[in-house]
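Hello,

Here is the structure I promised to pass on to you. Please open it next to this message, and then read on for what turned up in it.

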Amino acid sequence: MLTDRYGLELSTASHEARDAYVDAIDRMLAADGQVDETLATALDADPAFALAHVAQARQHQLYGRGKEARASAEIAVELAAETTAREQRHVDIISSLVSGQVPRSLELTHEHMAEHPRDAFALAPACGVFGTIGFSGRVDREAELLALLDPLATHYGDDWWFQTVHAFALLETGQWARARQLVEHSLEQRPGNSHGAHTLAHALFESGDDEEASSFMGDFLPAADRTSLMHCHNWWHYSELLMIVGEQDAALQAFTENCLPGTSGSPSINVFTDSVAFLWRSELAGAPRNHELWQAIRHYYNEQFRRPIVFVDAHVGLMHAALGDTDALDACIVQLHELGEAGKLPAGTTAALLTQAYKAFEASDWSTAIDLFEPVIDQVVRIGGSRAQRDLQTNTLIAAYINADRLDDAASFLDAVDDRQPTRPLAGLPSR
């Protein structure tokens, strides 16, 4: 029987299908482009290849193509009945995720790793800040992910993909020096690995190496595939880094050409949240408000999202606040409270409380904003996203301290929460 790159048997007799499938999986694990085309080659060579169908389901899901994802998953489940037990559970893990059974998918992943620790593509949905653990709504999710990955390291050895995801889990728990070593080795093996570039950018940001991070991303991104899953988000990182090192015009140009709605084919969750985050952070750093860009973001949001979803719901209020739409802002707060209290949002009422704080901040009611932020700031991890992404909330609280002329409180807060060394581009923040 043919095997994949990790030595696992595949239920296909077609060498062409196997080769295309292995290539497609590596492209997905690296966040390279041309995934749809490569999977199509595998399925053309063997239309009964269950794992290729479920990989296609995952690809559809990542890009928000829910109907197509469910259809591909259904085909995979039917075809998997004639495959090995390992492949059947692999299909079950991803099809459960696609159908919205996220806790079940994660439970199956834990069971599966005990028997098949090198089934990388079955493990992948649990990894990262947008994974089944990352979007669990649990406060201790970062440690939970590292606890899943640490014991698996011996099974993967020098594998470039595992080094990337393991490095990210390490840096999110404060071990950015070790993370940097791992991901740099990953990039030596697969230099065009967009996930690896993303992880190294995080490691450098966490350690305060802004110039090096900016230089690295400036060299990496021009040659990167614009069809990559990470296109928007990696350019967002670069835009933020340019802002940090004082190149404001270049930062805005990088953002508007690669992240703003209409400029990227990346998943809508990245396009929306990265656009909101860049504009809000640039204003915290002293840039004037650009109403035209905020309007473009609102138009995109109205087209792409019909209901609150995890991580997105923690950014919507910023958009309404920036546009001065108090009616929409108040309605958003009510809706997020109702859904959170009903247990329909993984992060509970965290997004609602944050949105209340944004409303007070936008009204220049600094004391109220601070009073709302302080009790919830240690719960922000529940909304998902990385430490670097969640600096949006932390920096807004610090800006409220600055505007309230409470610089000692800002300094005390930073001393209490920062086991990190990132630069915080905030107007009025004294040098430390």
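**What was found**

E240 has its place in helix α14 (residues 231-244); helices here are DSSP runs of H or I with at least four residues, strands are runs of E with at least two, and both are numbered from the N terminus. With a relative accessible area of 7%, E240 is buried. Buried stands for under 20% relative accessible area, exposed for over 50%, and partly exposed for what lies in between, using a 1.4 Å probe and protein chains only. Not counting residues up to four places away in sequence, E240 touches A277, F278 and R281, where a contact is a pair of heavy atoms within 4.5 Å.

Before you go further, please keep in mind that this is a predicted model, in which local features need pLDDT of at least 70 and side-chain atom pairs count only at pLDDT 80 or more, while totals for chains, interfaces and linings use all residues. Residues are numbered from 1 along each chain as its sequence is written, and side-chain values use heavy atoms, with hydrogens and water left out.

**Helix α1 and its partners**

Let's turn to the helix pairs. The axes of helix α1 (residues 15-30) and helix α3 (residues 50-62) come within 11 Å and cross at roughly 25 degrees. That makes α1 roughly parallel to α3. Axes are lines fitted to C-alpha atoms, for helices over the stretch in contact, and the angles run from 0 to 180 degrees between N-to-C directions. Angles under 35 degrees count as roughly parallel, over 145 as roughly antiparallel, 65 to 115 as roughly perpendicular, and the rest as oblique. The crossing of α1 past α3 is left-handed, a word used if the near helix is turned anticlockwise from the far one by less than a right angle (clockwise would be right-handed). On the α1 side the contact is made by Y21, I25 and M28, and on the α3 side by L51, A52, A55, R58, Q59 and L62. By class, this contact of α1 with α3 has 7 nonpolar, 1 polar and 1 charged residues. Ala, Val, Leu, Ile, Met, Phe, Trp, Tyr, Cys and Pro count as nonpolar, Asp, Glu, Lys and Arg as charged, and the others, Gly among them, as polar.

How do α1 and α2 run relative to each other, roughly parallel or roughly antiparallel? Their axes come within 8 Å and cross at roughly 160 degrees, and α1 and α2 are therefore roughly antiparallel to each other. Here too, α1 passes in a left-handed crossing. E16, A17, A20, Y21, D23, A24, R27 and M28 of α1 meet V35, T38, L39, T41, A42 and A45 of α2. The residues of that contact divide into 9 nonpolar, 2 polar and 3 charged.

In the loop between α1 and α2 (35-45) you will find A31. A31 is not a glycine, although its phi is positive, at about 65 degrees. A31 counts as buried, at 1% relative accessibility.

R5 lies in the segment before α1 and is partly exposed, with a relative accessible area of 32%. From C-alpha to C-alpha, R5 and I25 are 9.4 Å apart in space, and 20 residues apart in sequence. Not counting residues up to four places away in sequence, R5 touches V22, D26, R118, D159 and W160.

**The core and other spots**

Which residues have the most contacts inside the largest nonpolar core? They are Y21, L29, L123, W161, F272 and W294, in a core of 138 residues. A nonpolar core is a set of buried Ala, Val, Leu, Ile, Met, Phe, Trp, Tyr and Cys residues joined through side-chain atoms within 4.5 Å. Leaving aside neighbours within four places in sequence, W161 is in contact with Y6, L29, A120, L123, A124, C127 and Y156.

Another one to look up is A76, in helix α4 (residues 66-80). A76 is buried, with a relative accessible area of 0%. At 2% relative accessibility, F311 counts as buried.

Happy exploring!
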